[in-house]
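Subject: Structure handover

Hello,

Here is the structure I promised you. Please open it alongside this note; my findings follow below.

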Amino acid sequence: MRKKIVAGNWKMNKNLEQTLTLLAELSAKLPDTKAEVMVAPTSINLLSAVRNLENSTIEVIAQNMHFAESGAYTGEISADMLLSVGIQTAIIGHSERRAYFGESDEILAQKVKAALTNNIRVMFCFGEELEDRKAGNHFAIVESQLKNALFSLDASAWSNIVLAYEPVWAIGTGETASPDQAQEMHAFIRKTIAEAYDSAIADQVSILYGGSVKPANAEEIFSKPDVDGGLIGGASLKADDFVDIIKAI
Ligand code: PEP
């Protein structure tokens, strides 16, 4: 059985006090669920969040990490630093990192490798831009993103990878891929992995959808057979909305 996951990416939102307030609200309202629930606060608040959630089933995850073990990379955070504050999962490849911080497939391949080598689970984000979809290139783009960053990994690495398909045109725009568009792409992703590896790996990897998921559309998107949950941006910043999305799974 594939894991169901609902993860909140808080991006560069919430200072320490606001982070602790939101965590307290979430903890108080968290529904009974078999899904894994994760939140990704900004890096400066990771340790406080981990301590705050010590007795909780909510996992705190990182929004990013660097590929180097240590060294002259001002402003960056290594795998070891994440592990040392209790983080076991990192988002890698978010479209905002690709667009604003120049993270290419090659850099992302190095980050994925560094995370897995250090036993950090990877939530790998990818997805096409609007022009790609309009031009009908969305399948080819997604395939190349997967191939360039992930397909040189050993088969055994895949038990520590979660995928998040996030069409860039749907992130923070209020525009969502339709449930059928999400299903179509998730099925394509699974087929592509089955061809590169095998169907056992393709069947076990959780593939989340991300892009303007909210309480009003979560249930329909999550009902699709190849959608195993969601990576939620804006709607994860309000406890009630995030809780309603968790309930939808
Ligand atoms: C995201 O940034 O990963 C995301 C899905 O954002 P939003 O839900 O706000 O579109």
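How many bridges join β4 to strand β5? There are 4, and the two strands run parallel. Keep in mind that this is a predicted model. Strand β5 spans residues 121–126.

Now the whole sheet. It is open, has 8 strands and pairs in parallel. The order reads β3-β2-β1-β8-β7-β6-β5-β4. At the edges sit β3 (59–60) and β4 (89–92), each pairing on one side only.

One helix belongs with this part of the sheet. Helix α5, residues 105–117, lies across β4, β5 and β6 (161–165). Relative to β5, helix α5 runs at about 160 degrees.

Next, the ligand. There are 14 residues around the ligand. Those that come nearest are Lys11, His94, Glu166, Gly172 and Ser212. By class, the shell splits into 4 nonpolar, 8 polar and 2 charged residues.

- Lysine 11: a side-chain N or O atom is 2.5 Å from an oxygen atom of the ligand.
- Glutamate 166: here too a side-chain N or O atom is involved, at 2.7 Å from a ligand oxygen.
- Glycine 234: a backbone N or O atom lies 2.8 Å from an oxygen atom of the ligand.

On its own, the ligand has 290 Å² of accessible area, and the protein covers 95% of that.

Best wishes

Definitions and conventions:
Residues numbered from 1 in each chain as written. Predicted model: local features only at pLDDT ≥ 70, side-chain atom pairs only at ≥ 80, totals over all residues. Heavy atoms only, no water. Pairing = 2+ DSSP bridges. Contact = heavy atoms within 4.5 Å. Axes fitted to C-alpha atoms, helices over the stretch in contact; angles between N-to-C directions. Near = heavy atom within 4 Å. Polar contact = N/O pair within 3.5 Å; in protein donor to acceptor, adjacent residues only side chain to side chain. Areas by Shrake-Rupley, 256 points an atom, 1.4 Å probe, with all protein chains shown as cover. Nonpolar A, V, L, I, M, F, W, Y, C, P; charged D, E, K, R; others polar.
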